[in-house]
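Here are my notes on the two-chain model you sent over. Have it open beside you while you read.

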Amino acid sequence: MEFFTISLLNGVSYGLLLFMLSAGLTLIFSMMGVLNFAHASFYMLGAYFAYQVSEWTNFWVAFVIAPVLVALLGGAFERTVLRKTHKFGHVAELLVTFGLSFVILELVQLVWGRTPVEYKVPAALDGSLFKLFNSTFPTYRAFMMVVAIGMLASLFLVLKKTRIGLVIQAALTHPDTTEALGHNVPRVFAFVFAGGCGLAALAGVIGGNAFITEPGMAQAVGAIIFVVVVVGGMGSLGGALIASLLIGVMQTFAVGLDWSFIGGLQSLGVDVTPETFGYPVWKLKLSQVAPILPYLLLVVMLVVRPKGIMGTRDE
Amino acid sequence: MKVSLKASAIAVAVSLMAVSAASAQTVKVAFIEGMSGPFGGVGQNQLNHFQYAAEQFSGKNANSGVTVQIVPMDSKGSPQEALALFKKATDDGIRFISQGNGSSVAGVLIDAVNKHNERNPGKEVVFLNYAAIDPDFTNSKCSPWHFRFDAGVDMKLEALTNYMKDNKAIKNVYVLGQNYSFGQQVSKFTASMLATKRPDVKIVGNELHPLGQVKDFAPYIAKMMAAGADTVVTGNWGPDLALLIKAAKDAGFKGNFYTFYAGVIGAPSAIGEAGTDRVFQVSYWHPNVEKNALESTYTGFKYKFKEEFYTVALVNATKFLVAAVEKSKSTDGLPVARALAGMKGKGGSGEDIELRAADGAMQQALYISQWTRAGGPGVKYAMEGTGHGFKTVRYLEPKLAAMPTTCQMTRP
């Protein structure tokens, strides 16, 4: 029971962080049809900016400023580069973001070095929030969850309840009509791109000190957020939320479980010994294959339901 | 025009001669190490160790004036990159290489050195391994060109399990390691040694995780607690250890940790106050050993780099290399390798150490130390500003720390 509850909490908090990361990616994709390969790099920039700003001032200032700075950078990139490549089609846009991810990586290494930086959890949030049986639950993880849920709620309100949200949704499905009604659709695109980058940066601000801030952090999450977006359904925020939580919980539990084929076969009455054909595969434990489970899910999802859990695109 | 050409040619020749006269006293060592990537911090810190050791124990500080010159090469921790750099080093005429972080890398380097030396007689390369401690390197895969200045996994775990044997409070042991040759050896040796020394102890988990990929160890800690572990044995190093201990602290895990590398950069900060008396380390030296022969080196390094000094193996490698060059009067691979085999010297706590000729493994003292509040008896120095340091709880002289070898090789 203790293991179940703690693992569930760990899984949900990790899943919510994944959601913050992938929300921006899926939003940008649904708006512009662009898969932003540099998305995880904006996550990394968020963490590094937050580290730098918190060195100069404190964490709370960084918490507000770093995402804004990254959003401005993202907006500037959209305005100056992405918009110009738009007319050359999606492949050009994809390649430009791909290139950008390398540029950001090298710049980060030039400025902050190739090794992890000391970006620490603020003292006020360091410590345990409550005790569950023998385990304690760290305050910072709870803080991560609160921020993610707050972000989810405000995103929902902005998109569904405000005039800006209406225009964004209109531009999403009927860009020409929206433009004919006098709305500046390119500016809406820039706004969404900047917003998406800002969300990734926010995830970086709170993920960077919860785990580790290093040049490899973008690559470490880069692949997984694509899985989230594809499994959830390209362009679907709700799908991204479900997929993030699913992957977060699945990975956390998989690490904790020592199930293997041998156990399964033995309970069926089949005896497996080291001499059995394919023994190295049968003896693999679920905990050992945990890191590849999300990718397995991606493959299965693409075979069974290519549009994802809540995707609407029929291709 | 002609005259000036001739004059400049002579000038060049003279300067070349001057250079070669000087380089007879200089021995270059290619330091092939991961200095970027997840373990980059450890690699950079080791480079500082090596450069500081070369500054303190060679050149004008060596009687003969033999200078060790370090050529850093960043392998990013990858075996492929390390192989390419090895090729570059040999192309540049470098005869000595040094590496330590990652037995996965050391393994391919040993193979590469063996092949290179077989194919290029007269241009032999010697591998000074300062920290890759997979015991196979001095047993089944031993090589006359490889010298290991650290103590092997077998030596360290023999000492560690002998210490654990006497602690009756240990009931449920969890073994967690990085999934590569070194972590696998730690897991294998711990399980088999504990099974014979303490049959009553239960191994409640024996787990390997991907090297340098796990950033959130909370699920592993939850699993340890669910398994009822009171003791964790881990060979993790660098961020893999720091993040593991951080997660244990966050989850309120109360068990003890028996580690190899709790004193290595980043780990002391992560252990901090929460790990008081609960983290143990097996090593060939620590800053608070009695009869500390390297106290001034420790304080000097700490003052210069604001980092902890612990890799005595690099000091010993420097000293032994200088002595071998002096003894063989050569900077070539073969004569120096001959001089290194069986060479004797003094270790970090003044003990008699020997680079055993049979397998190239350094025979040295071992310490089990415990993380305690600094200031009391036996804990003079605190680490990384934590107010805590390591205190010797067991000392093994080199004779007692020695392990047999199955190495079968003929030295050239």
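This is a predicted model: local features need pLDDT of at least 70, side-chain atom pairs count only at pLDDT 80 or more; totals for chains, interfaces and linings use all residues.

The points below go through the ground rules, the contact between the chains, and then some details of each chain.

1. Ground rules. Residues are numbered from 1 along each chain as its sequence is written, and chains are lettered from A and ligands numbered from 1 in the order in which they are written.

2. Where the chains touch. Chain A puts 25 residues into the contact and chain B puts in 24; two residues are in contact if their C-beta atoms, placed from the backbone, lie within 7 Å. On the chain A side, α1 (2–32), β2 (135–138), α10 (237–256) and α13 (286–289) each supply at least two residues. α1(A) gives the most, with 6 residues. Helices and strands here are DSSP runs numbered from the N terminus (helices H or I, at least four residues; strands E, at least two). By class, that side of chain A has 10 nonpolar, 12 polar and 3 charged residues. Ala, Val, Leu, Ile, Met, Phe, Trp, Tyr, Cys and Pro count as nonpolar, Asp, Glu, Lys and Arg as charged, and the others, Gly among them, as polar.

3. Helix α8 (residues 185–210) of chain A has 26 residues, and its end C-alpha atoms are 38 Å apart, in agreement with the 38 Å it should span at 1.5 Å a residue. The expected span is 1.5 Å times one less than the number of residues. α8(A) is mostly covered, with 23 of its 26 residues buried. Buried means 20 or more other C-beta atoms within 10 Å of the residue's own, exposed means 12 or fewer, and partly exposed is in between, with C-beta atoms placed from the backbone. Strand β1 (residues 128–132) of chain A runs antiparallel to β2(A), with 4 bridges joining them; strands pair if DSSP finds at least two bridges between them. K131(A) stands opposite T136(A). The hairpin has 2 residues between its strands, and F133(A) in the turn has a positive phi of about 55°.

4. Two domains in chain B. The assignment gives domain 1 (2–151 + 294–363) and domain 2 (154–283 + 365–401); such bounds come from an automatic or database domain assignment. The C-alpha centres of the two domains of chain B lie 30 Å apart. In chain B, 21 residues of domain 1 are in contact with 23 residues of domain 2. On the domain 1 side, α2 (40–57), α4 and β12 (352–355) of chain B give two or more residues.

5. Parallel strands in chain B. Which way do β1 and β2 of chain B run, parallel or antiparallel? Strand β1 (residues 26–33) and strand β2 (residues 67–74) of chain B run parallel, joined by 8 bridges. K28(B) has Q69(B) as its bridge partner.

6. Helix α6 of chain B. This helix (residues 181–197) has 17 residues and reaches 24 Å from its first C-alpha to its last, close to the 24 Å expected. Its buried residues pack against α4 (103–119), α5 (153–165), β6 (172–178), β7 (202–209) and β8 (231–234) of chain B. Why does S181(B) count as buried? Because 20 other C-beta atoms lie within 10 Å of S181(B). Leaving aside neighbours within four places in sequence, S181(B) is in contact with S103(B), S104(B), G107(B) and D134(B).

7. Two lysines to look at. K76(B) has phi near 55°, a positive value in a residue other than glycine, and lies in the loop between β2 and α3 (79–91) of chain B. K76(B) is partly exposed, with 18 C-beta neighbours inside 10 Å. K306(B) also has a positive phi of about 55° without being a glycine. K306(B) sits in the loop between α10 (295–305) and α11 (312–328) of chain B and is exposed, with 9 C-beta neighbours inside 10 Å.

8. A buried alanine. A324(B) is found in helix α11 of chain B and is buried, with 25 other C-beta atoms within 10 Å. The C-alpha atoms of A324(B) and A341(B) are separated by 9.3 Å, with the two residues 17 apart along the chain.
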